[in-house]
Amino acid sequence: MDDTRREQLIGEWAARLERWGIAPIAPILLQMLQPLGFVGSQLVLFGQPLLTLFADAQSFEELSSLLDDPDALDQIERRLTDAGNRVS
């Protein structure tokens, strides 16, 4: 995945978490998820055949690579925190 696509995915996931209304607690969840990122990414890949009933395989491959990248999780967390600071 190239850097442009990675940045786009980070923005999409941050926006998705905001839409779902969990932006205030998402930074805490992301901090807790970081040590388990590799395991989470492997679970996404393992469940991919079933999950592709809901979305395309590429989406889950990209999600898996984000979960496996602590820097990407940090960037999502920062975007949510920055967005929360702008709103308050």
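A: Glu12 is partly exposed, its relative accessible area being 29% (buried is under 20%, exposed over 50%, partly exposed in between, with a 1.4 Å probe and protein chains only). The model is predicted, so local features need pLDDT of at least 70 and side-chain atom pairs pLDDT 80 or more, while totals for chains, interfaces and linings use all residues. Residues are numbered from 1 along each chain as its sequence is written, and side-chain values use heavy atoms, without hydrogens and water.

The side chain of Glu12 meets that of Arg5 in a salt bridge, 3.6 Å from N to O (a Lys or Arg side-chain nitrogen within 4 Å of an Asp or Glu carboxyl oxygen). Arg5 is likewise classed as partly exposed, at 23% relative accessibility. In the whole structure, a search finds six salt bridges.

Helix α1, residues 3–19, packs against helix α4, residues 57–67, at an angle of about 90°, and their axes lie 11 Å apart (helices are DSSP runs of H or I, at least four residues, numbered from the N terminus; axes are fitted to C-alpha atoms over the stretch in contact, and angles run from 0 to 180 degrees between N-to-C directions). From α1, the contact draws on Arg5, Arg6, Leu9, Ile10 and Trp13, and from α4 on Glu62, Leu63 and Leu66 (heavy atoms within 4.5 Å). Of these contact residues, five are nonpolar, none is polar and three are charged.

Arg6, another of the α1 residues in that contact, is buried, with a relative accessible area of 15%. Its side chain forms a salt bridge with Glu7 at 3.6 Å, N to O. Glu7 is partly exposed, with a relative accessible area of 32%. The side chain of Arg6 also meets that of Asp71 in a salt bridge, at 3.0 Å from N to O. This pair links distant parts of the chain, since Asp71 belongs to helix α5 (residues 70–87) and Arg6 to helix α1, 65 residues apart. Asp71 counts as partly exposed, at 37% relative accessibility. Through shared partners, salt bridges join Arg6, Glu7, Asp69, Asp71 and Arg79 into one network.

Methods:
Helix = DSSP H or I, 4+ residues; strand = E, 2+ residues; numbered from the N terminus. Nonpolar A, V, L, I, M, F, W, Y, C, P; charged D, E, K, R; others polar.
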